[in-house]
Amino acid sequence: MTDPMSDAPVDNMDPMETQETATVQPPIEDGDDLQQAQRELDSQKDKYLRLAAEYDNFRRRAVKERQEAGWRAQGELVRGLLDGLDDITRFAAVDPATVDAKSVIDGMQLVEKKLFKSLSGHGFEVIDPTGHPFDPAKHEAVSTAPAAQPEEDGMVAVCFQVGYVINGHVLRPARVVVKQWTGA
């Protein structure tokens, strides 16, 4: 045997590494066996292609269903707000010369109450943490204020802007002033 790179004879080759000892498939004696193997291969290929097409259809259908579910949820939410929006439209058409300010304010408070009630039915909550411990997951500290006692350390002193949560997800954190004990 010769080394293919140098054409020099190689005496120390392992017989397991030679091409002569490579695994040899037994020859197919009959053409029917070859045809049977080809049919089996075609059958498996057809199954694979069908499965791939079925998965692709499932994936497209799932994406479409998720979109439609989102649209339905938005539609239900907006449907709950329509009464409050109608009330606001009526307030916009009120003649200021015929209505006193207190009536308008009382009416707007009723509309606000109606809107929040409708939203709460969809998992909506208002975050007003005044007097509660600061929670960085739901609150945004915009400033600190001195605490009069050590027990007040980390408590919310003032809420500048309420936050909102829907179904446990924070839409907007409450912007707050947090009390801080300095030890003095």
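Helices (H or I, at least four residues) and strands (E, at least two) are DSSP runs, numbered from the N terminus. The model is predicted, so local features need pLDDT of at least 70 and side-chain atom pairs count only at pLDDT 80 or more, while totals for chains, interfaces and linings use all residues. Residues are numbered from 1 along each chain as its sequence is written, and side-chain values use heavy atoms, with hydrogens and water left out.

**Exercise 1.** Determine where D46 and R50 lie and how they are joined.

*Solution.* Step 1: both residues belong to helix α1 (residues 31–92), four residues apart, about one turn of the helix. Step 2: D46 and R50 form a salt bridge, with 3.0 Å between the closest N and O atoms; the term denotes a side-chain nitrogen of Lys or Arg within 4 Å of a carboxyl oxygen of Asp or Glu. Step 3: D46 is partly exposed at 36% relative accessible area, and R50 is exposed at 57%. Here buried means under 20% relative accessible area, exposed over 50%, and partly exposed in between (1.4 Å probe, protein chains only).

**Exercise 2.** Classify R90 and D87 as buried or exposed.

*Solution.* Step 1: a salt bridge (2.3 Å, N to O) links the two side chains. Step 2: R90 is exposed, with 53% relative accessibility, whereas D87 is buried, with 13%.

**Exercise 3.** Explain which parts the pair E140 and R175 ties together.

*Solution.* Step 1: the closest N and O atoms of this salt bridge are 3.4 Å apart. Step 2: because E140 lies in strand β2 (residues 139–146) and R175 in strand β6, the pair ties together parts 35 residues apart in sequence.
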